[in-house]
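Here is a model to question, one label at a time.

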Amino acid sequence: MAATKIDAVYLAVVVHQQAPQESCKMPFQIRNITWIITLCGLFADKSLAANVLNNPGFETGSFAGWTTYGGNNYIVSGSAHSGSDDYKVYQAFNNQVNYTGIYQDYVSSAGVTYSADGWAYTPYGDALAGQNEGWIEVSFRDPAGNVLALYRSSIISTNAIAGGTFPENVWMDLPVTNEYNPNTFQFMNGVTHLTAPPGTGFVRCQIVFQGDALDSSGSLYFDDITLNPLSASPYGTNWNIVWSDEFNGAELNTNNWTFDTGNGFESGGYWVPGWGNNELEYYTSRTNNVYVANGFLHIHGQEENYGGQSYTSGRIKTTGLFFKQYGRFEWRAALPQGVGFWPALWMLPEDSPYGGWPNSGEIDVMENNGSITNQEGGTIHYGGENGNDVYSTATYTFLPGDAVANFHTYLLEWTTNAIDWFVDGHLYESQTNWWSNMGTAGSTYAYPAPFNTPFYILMNLAIGGNYLGNPDTNSINASLPGDMVVDYVRAYDQTAPLAITSSQTNGQILLSWPTNIVCHLQVETNFLNGAGWSDLTNSADPFIILPASTSAGAFYRLESP
């Protein structure tokens with residue numbers, strides 16, 4: 001069953017015939033017939049998202065999905081606001097002001113709006129004391145993690161407890177409605193919703209316990225934390241698709257992809273077997289190993305004697321066809337499980353201005369060891385002296401019960417000074433420091449080399465290899481065959497919003513739209529009942545409408561991708 005395509009964005013233009021009226025402010029007189037062009041609001045093909053936080057009520061019995069900091073964070077049972085588990089926090093008792101808490105980061109963009117809240121409680125017998133304080137906060141950050149905007153709930157303090165605004169032993173809702181200066185931490189004003197400012201790369205939802213230097217006692221409990229988008233897409237209106245492959249055809253699009261074949265490559269006059277990784281497969285360009293069906297790309301690994309190897313699989317790349325410097329790169333896929341599978345989406349430089357691998361860089365958007373089904377990782381390789389591989393990496397662990405075999409969306413945001421990795425919108429890795437040595441010399445190229453040149457995209461399903469610990473063939477054979485199934489690959493840039501513009505000339509209506517965004521024009525003649533949208537094939541920009549007295553009303557919209 002094909003996965004639903006998400007994040008399609010539309011702008012509708014309605015063209016309909018109407019008798020001339022004095023009150024009409026936008027009529028076009030065309031052959032004695034008045035035509036009105038109505039620009040309708042921007043809308044999306046999915047409803048507004050619910051709470052984007054993982055494990056918001058701590059019902060996994062763990063901090064799965066959350067990052068902890070400070071000394072005393074605990075999952076407890078028996079006092080929850082709902083369900084069975086909640087989160088308990090208290091200070092570090094280190095004779096200085098200290099901070100303890102948890103947070104989650106989620107992809108965002110300028111202009112996206114949210115609401116946020118959570119429930120909090122302080123118990124009889126262990127109520128907050130001294131100058132201890134606690135709150136829930138939401139901060140918008142650039143891709144390097146710098147705070148651009150800050151919002152907090154009301155502050156839980158001994159004054160609030162004594163004044164009755166936060167009574168002991170009562171669960172209280174804490175909406176995040178107070179804007180603070182992110183530099184001075186001074187209150188600015190109250191707000192009804194939280195808006196991401198320009199430059200936003202992600203949003204952080206955080207619980208903070210500020211412990212005093214007097215080592216005062218007291219605990220706070222939190223439960224049912226929410227971060228609800230009020231906008232249709234976390235990418236907002238200015239991140240748009242500039243290249244994609246949706247795999248909707250009958251075969252691989254060779255305008256987008258070319259093949260790597262064999263079991264190695266030549267480098268410096270020497271043959272490098274196993275692609276330098278001790279891989280065991282022979283990559284082919286056959287449909288046995290790479291094919292498109294029902295809206296999905298399949299890269300199929302199997303046991304087969306071919307080209308002197310015992311396994312075959314597929315490896316495709318966009319070199320010479322598509323390469324890009326900076327942006328967001330998104331990939332939705334389901335991965336095979338089992339010993340011996342090594343699926344990956346990764347990027348290499350279109351040119352190598354800083355020398356051979358790894359000095360000119362490698363970006364691994366996602367790779368997985370098939371025997372570890374609840375984890376995947378992202379890595380950059382950037383090269384040390386004498387061509388030694390230097391790399392930085394992190395691992396994402398899925399929530400209990402989830403696995404790489406399910407469809408997930410893997411996202412990389414690459415900017416001039418940061419590279420961020422997300423799974424299903426959740427940030428798990430950010431790299432801001434790297435270098436590239438000048439060949440065998442100890443000196444390095446100026447930062448941000450090597451990640452300041454265009455890179456192309458690769459996808460492959462390796463069999464065996466160093467990354468997997470070189471498993472034995474009997475273990476591998478028991479896992480085969482298997483498929484890496486890809487729904488789409490997309491590249492985004494910050495552009496002007498997706499929009500239809502209209503003009504009238506010589507009795508014609510011209511519809512135009514951005515040519516740097518992957519999109520297509522659709523038409524609906526059934527009064528927007530949702531059943532009649534159809535693609536207008538060969539709809540060049542501008543699209544010309546020739547009104548006539550017999551024409552029926554029509555609605556036009558753009559869909560991306």
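Predicted model: local features only at pLDDT ≥ 70, side-chain atom pairs only at ≥ 80, totals over all residues.

Q: Why is Thr113 called buried?
A: Its relative accessible area is 14%. Buried means under 20%. Thr113 is under that cut-off, so the label holds.

Q: Where is Thr113 found, and what does Thr113 touch?
A: Thr113 is found in strand S8, residues 113–121. Leaving out residues up to four places away in sequence, Thr113 touches His193, Leu194, Thr195, Asn228, Pro229, Leu230 and Ser231.

Q: What makes S27 and S28 paired strands?
A: Pairing takes at least two bridges between two strands. S27 and S28 are joined by four, so they count as a pair. They run antiparallel. One of the residues to look at is Trp346, whose bridge partner in S28 is Asp364.

Q: What is the strand order of the open sheet of seven strands?
A: The order is S18-S25-S34-S27-S28-S29-S30, with antiparallel pairing.

Q: Why are S18 and S30 said to stand at the edges?
A: Each has a single partner strand, so one side of S18 and one side of S30 have no neighbour in the sheet. S18 covers residues 258–259.

Q: How many residues line the largest pocket, and which lie nearest its centre?
A: The lining has 47 residues. Trp275, Asn277, Trp346, Trp357 and Glu362 lie nearest the centre. Elements that give two or more residues to this lining include strands S19 (264–267), S27 (341–349) and S34 (455–463). S29 gives the most, with six residues.

Q: How much space lies in the largest pocket, and what classes of residue line it?
A: About 1,200 Å³ lies there. The lining has 15 nonpolar, 20 polar and 12 charged residues.

Q: What makes the residues of the largest nonpolar core a core?
A: A core is a set of buried nonpolar residues joined through side-chain atoms within 4.5 Å. The largest such set has 47 residues. Those with the most contacts inside it are Leu297, Trp331, Ile363, Trp414 and Met459. S34 gives the most to this core, with five residues.

Q: Which residues does Leu297 touch?
A: Among them are Phe247, Leu252, Val290, Ile316, Met459 and Met484, with residues up to four places away in sequence not counted.

Q: How many residues are in the other core, which lies apart from the largest one?
A: That core has 45 residues, including Leu128, Val138, Leu194 and Leu411.

Methods. Residues numbered from 1 in each chain as written. Heavy atoms only, no water. 1 Å grid on protein atoms, 1.4 Å probe; cavity = no way out; pocket = protein on both sides within 12 Å on 5 of 7 lines; lining within 4 Å. Points joined across faces, edges and corners; volume = space filled by probe spheres on them. Nonpolar A, V, L, I, M, F, W, Y, C, P; charged D, E, K, R; others polar. Buried < 20%, exposed > 50% of the residue type's maximum accessible area, 1.4 Å probe, protein only. Contact = heavy atoms within 4.5 Å.
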